[in-house]
Amino acid sequence: MSGFLEIRGLSARLAGTGQRLLRSVDISLPAGSVRGLVGESGAGKSMIGKAVLGVLPKAVEIVEGEILLDEQDLLKVPPAERRRLIGAKAALIPQDPLTALNPSRRIGPQITDRLVDILGWEKARAASRALEVLVEVSIPEPERVMRLYPHELSGGMRQRILIASAFAAEPKLIVADEPTTALDVTVQKQILKLISQLQARHGTALLFVTHDLGVVSKVCDTLSVLYAGKVVEDTTVQRFFAAPQHPYSQALLAATPRHTDPAASLQPVPQAVIDAAMAEVAADDAAWRPQGGAHG
Amino acid sequence: MLDGRGLIRRRAGARLWLSGLWLALFVLAAVLAPLISPQDPLAQDLMLERLPPAWMAGSEPGYWLGTDSLGRDVLTRIIYGAQVALAVALVAGLATCLIGSALGLVAGFYRGWADRIISRIVDIWMAFPPVLFAILLIAVLGTGLSSVILAIVIIDWTRFCRVVRAETLNQSKMDYVHSAKVAGFTRLRTLLSEILPNVLPTIVALLTLEMGIAIIVEAILSFVNLSISTDQSTWGGMIAEGRTSIHQAWWVLVFPLIALFFTVLSFAQFGEGLRERFDPVLR
């Protein structure tokens, strides 16, 4: 079965150098399912999310591969068309709710502008839709909140608003980039639950970027483990937590702290595993020949 | 939903009110000069030369701040001088602000070749000593109010450009600018609705500062006799004249200086006050 989002053989590198950042990444995300992208800092998990949404920094160039969104290759359509496609079908839940809302504009227009200006909705319809999604994310007094500025709301409230805003246009795909990392632990749990509920209710495909395996176990159906820009394991959540296949995945799982036995469970990833993973990546690089002229 | 702004607001209040009060007086004086001036600004009377201010021995009624060496009333000339100062502050300040901010926004947001060209020009521009640059420009443009204003704009747009560019760069990195891109907004739309409102408090603070600076530049040019013809009274011109008789009649120098000082100070403080009061981020 072909997914709503289909990434095939995606390689990216730092512009002007040979440094590979993504190494032939394959990811398939069927409509309505949730995939976690896990890995340590710098493994390339956020970069995949950015590539899908078309907001990679200029210094990163895509060398080869396909990003199929609803069976259209985003890398083959002209930039303006790409922007329109992504704007209409995908949305982002950003990492830091404190910087993701414009401080000098009221909440209401920040949700409705996109519906009116990009999707061509009527103002009244956009406003009632905004109220609807704010109610859905349990914002009290949504009419009043629409008129407030971001600084008048707490971090948790702002993250709820960002989630509401992401779901407002009924996108088929949402990329959540570490949506709970900037929140404190008690709020994290509520936000995760909220994202899960909305995802299930709306049947949205969700690409969930995180470094927290605990989060993955609660939210995701499948996951991709990334190391140095390479997918080292692509599996379902049940199989991963029961028996991870790749040595790096095993080490990653072993490194997760457990509150049943805090002292014993905090294991760093062994050097041998890192060396083996790096050797694998190096062998992969040696065998890799970019398809000529496929600069994205 | 309190965020501790109460305290800061109260402090900004005094600053805003005091500077606002002085600026209101300044604007009123400039606009109503013919109605409120006690004397004719150009009437010379050699019988009344170098009269001291009203509270000193030997003063004449009707000449509150004394007269200069040609017998002209100092208070009247300060009031008329406010007209020139106000015109320069408004026109030169706004023009400088518009040109500098627009270029700064473009350079900071679009980056690339536009940024490289604008930033290099700013670097080169700022290497000129401003006062000498102004004198040179006046020598080319000729004296007169419009030349003075033009010279100020030509020299000072870089101040706005540099600060606005830096602020725009900061704003461009924010997640909401990112989100606007994902949502599919055009670049221009993102610049106008996501970035400009957040740079605006900085622009307003700079604008008021620039108004003060424009008044100073005009005064400097008047001081070296390169501004406006001498029959129009300006603060800089009065200071230049007062300098020659400082030992006999200090008031000719001191009162226009005080007017200049408080006006420039008030512009700067007013801008800061506005920023503290209205900047939603309160950095």
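Visitor: What should I know about the model and its numbering before we start?

Guide: The model is predicted, so local features need pLDDT of at least 70 and side-chain atom pairs count only at pLDDT 80 or more, while totals for chains, interfaces and linings use all residues. Residues are numbered from 1 along each chain as its sequence is written, and chains are lettered from A and ligands numbered from 1 in the order in which they are written.

Visitor: Why are some residues of chain B called buried?

Guide: A residue is buried because 20 or more other C-beta atoms lie within 10 Å of its own; with 12 or fewer it is exposed, and in between it is partly exposed, with C-beta atoms placed from the backbone. Buried residues are 45% of the 283 residues in chain B.

Visitor: How do you know which stretches of chain B are listed as "transmembrane region"?

Guide: That comes from an unreviewed UniProt entry, which lists residues 12-36, 78-110, 131-155, 203-228 and 249-270 of chain B. Positions follow the numbering used here, feature names are shortened, and annotations may be inferred rather than shown by experiment. In the model, residues 78-110 of chain B are 100% helix, with end C-alpha atoms 46 Å apart. Residues 249-270 of chain B are 91% helix, and the end C-alpha atoms there are 33 Å apart.

Visitor: What makes two residues count as a contact between the chains?

Guide: Their C-beta atoms, placed from the backbone, must lie within 7 Å. The contact takes 17 residues from chain B and 23 residues from chain A. On the chain B side, α7 (175-183) and α8 (187-223) each supply at least two residues, and α7(B) gives the largest share, 7 residues.

Visitor: Why are β1 and β4 of chain A called paired strands?

Guide: Two strands pair if DSSP finds at least two bridges between them. β1 (residues 5-14) and β4 (residues 60-69) of chain A have 8 bridges and run antiparallel, so they count as paired.

Visitor: What makes β2 and β5 of chain A edge strands?

Guide: Each pairs on one side only: these are β2 (20-29) and β5 (72-73) of chain A. The open sheet has 4 strands in the order β2-β1-β4-β5 (chain A), with antiparallel pairing. β1(A) also pairs with β2(A), over 6 bridges, and A:Glu6 stands opposite A:Ser28 in β2(A).
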